[in-house]
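Here's a quick briefing to read alongside the model. Have the sequence and the 3D view open as you go.

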Protein chains: 2
Amino acid sequence: MNLSIAEENYIKSIYKLQEGDTVVTTNALAYELETKPASVTDMAKKLKDKKLIDYEKYKGFTLSAEGKKIALQIVRRHRLWECFLVDKLHFSWEEVHELAEELEHVRSEKLTNRLSEYLGNPLFDPHGDPIPDANGKLTKPRPQTSLDQATAKRVVVTAVTDQSTALLAFLNAKHIKLSTQLEIVEHYEYDNSIEIKIKQQPSITISEQVAKNIMVRPV
Amino acid sequence: MNLSIAEENYIKSIYKLQEGDTVVTTNALAYELETKPASVTDMAKKLKDKKLIDYEKYKGFTLSAEGKKIALQIVRRHRLWECFLVDKLHFSWEEVHELAEELEHVRSEKLTNRLSEYLGNPLFDPHGDPIPDANGKLTKPRPQTSLDQATAKRVVVTAVTDQSTALLAFLNAKHIKLSTQLEIVEHYEYDNSIEIKIKQQPSITISEQVAKNIMVRPV
DNA sequence: AATATTATTTAGACAAATCTAAATCATAAA
DNA sequence: TTTATGATTTAGATTTGTCTAAATAATATT
């Protein structure tokens, strides 16, 4: 199956919107891909011909088994490149998505597998999302919650959902990074702010708004 | 300047064929790009409009200053990725060209420079070709000759010109790799075969045909 | 149930990159 | 210098991915 970059992007976006087995609508996909519904309909026909999606007029689409397989390969490549960019080239979280978006289209299984090996076969990308293995199998995502919902006392940062420069600058200033261990000292009901402590540092208080965008898991 | 992948490939090939300041002909470029002369003429018009080449009907083309700059950026990315694939992912010489051909089209200066830094700012790629620096400056190529022409006694392997599986298998069996140091023990005039010695190993004799395809420089 | 609204598809067009076949130019040979 | 040959360009067509505007289907409202 030889797919164009455009076709790959459609497959990837359908996979993203599916989340389980929801039917994906024309409009939703057009919005996701920043294109027009008419273009989506055109592409849907092509992908149906290639048996990568199930599609009936006016009924939306879902990936076929083959389509899912290809989607997982693309996701695998994307997330591995993100790991590479962060771990090896020291990019920060928010910079890597765009670049990985391009690198993911280099379709070489050998390259992908070597890259994975080189990175130590990581199971999660820098945003905390699981990386499919060579067979397309996904580790179940870590049991992460946002920091404001956390019940454990000691947690480790797994992801940041808001990629705004403002938040990232804030986190940078406070030395909160991926894998940083936090101790939840106090939860103030009044404004839902949270007092946390990073080992060897004085404790700090962060607002609910910030806490909502920091994903953590129990350590 | 936002170039398509096709345009980048044309620029790169013109650069390759130019070698100094020779005028590149339509046919030569068509052959190099495995396309038809008519397509080359079409693209020549576009590149002329973008001021990347100098072109007059029936007179062939050369890169403009701007075109040369872009060509060097592409070459830089290509050769850095080749280094990455060989040094870090342990691909062998002959496998990397195709992959680098795809990776080179990710146009991010930041990525390119980080990659270069990560690799230790290499000056030569795995084939012995010089890598332009961030400003497009080229180190002058190493003074390499084919092994059968070598005058020095101790040399180091810098490249292999023939990429056939047969030759590569042979070299592999004899443990001759890039950067391998060789001592030239004897040169037999009868059949132009050469006796060489790799340190710690018994000396071996190789045919003229093999020697012609191994590039070396004095150590 | 009839009508209004929204979602989706169709029809027709366009730009990029390519092709084939025919025409034109440049140059080497007679 | 005329002719023949090969290189190059033009003309017109094709494919891919996109678009706008109009038509049609599905759904919600009255």
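Is B:E34 buried or exposed? B:E34 is exposed, because its relative accessible area is 76% and the cut-off for exposed is over 50%. Keep in mind that this is a predicted model. Below we go through the contact between the chains, then a few loop residues worth a look.

**How the two chains meet**

- Chain A puts 20 residues into the contact, and chain B puts in 20 residues as well.
- Together, chain A and chain B bury about 1,700 Å², with 70% of that on carbon and sulfur atoms.
- On the chain A side, the residues losing the most area to chain B are A:L89, A:R114 and A:Y118, which together make up 29% of what that side buries.
- As background, interface size is often quoted as the accessible area lost when the parts come together.

- Seven residue pairs are in polar contact across the interface of chain A and chain B, with both residues at pLDDT 80 or more.

**What the chain A side is built from**

- Helix 4 (65-88), helix 5 (93-103) and helix 6 (109-118) of chain A are the elements giving two or more residues to the side that touches chain B.
- Helix 6 of chain A supplies the largest share of that side, with five residues.
- Sorted by class, the chain A side that touches chain B has 11 nonpolar, three polar and six charged residues.

- For context, most residues other than glycine have a negative phi.
- B:E34 isn't a glycine, yet its phi is positive, at about 50°.
- You'll find B:E34 in the loop between helix 2 (26-32) and helix 3 (37-49) of chain B.
- A:N192 isn't a glycine either, and its phi is positive at about 60°.
- A:N192 sits in the loop joining strand 5 (181-188) and strand 6 (193-198) of chain A, and it is partly exposed, with a relative accessible area of 28%.

**A buried aspartate in a chain A loop**

- A:D125 lies in the loop between helix 6 and strand 3 (145-146) of chain A.
- A:D125 counts as buried because its relative accessible area is 5%, and the cut-off is under 20%.
- A polar atom of the A:D125 side chain is 2.7 Å from the backbone nitrogen of A:H127.
- Leaving aside residues up to four places away in sequence, A:D125 touches A:R79, A:E82, A:C83 and A:I131.

Conventions. Residues numbered from 1 in each chain as written. Chains lettered and ligands numbered in written order. Heavy atoms only, no water. Contact = heavy atoms within 4.5 Å. Buried area = accessible area lost by both parts, 1.4 Å probe. Polar contact = N/O pair within 3.5 Å; in protein donor to acceptor, adjacent residues only side chain to side chain. Helix = DSSP H or I, 4+ residues; strand = E, 2+ residues; numbered from the N terminus. Nonpolar A, V, L, I, M, F, W, Y, C, P; charged D, E, K, R; others polar. Buried < 20%, exposed > 50% of the residue type's maximum accessible area, 1.4 Å probe, protein only.
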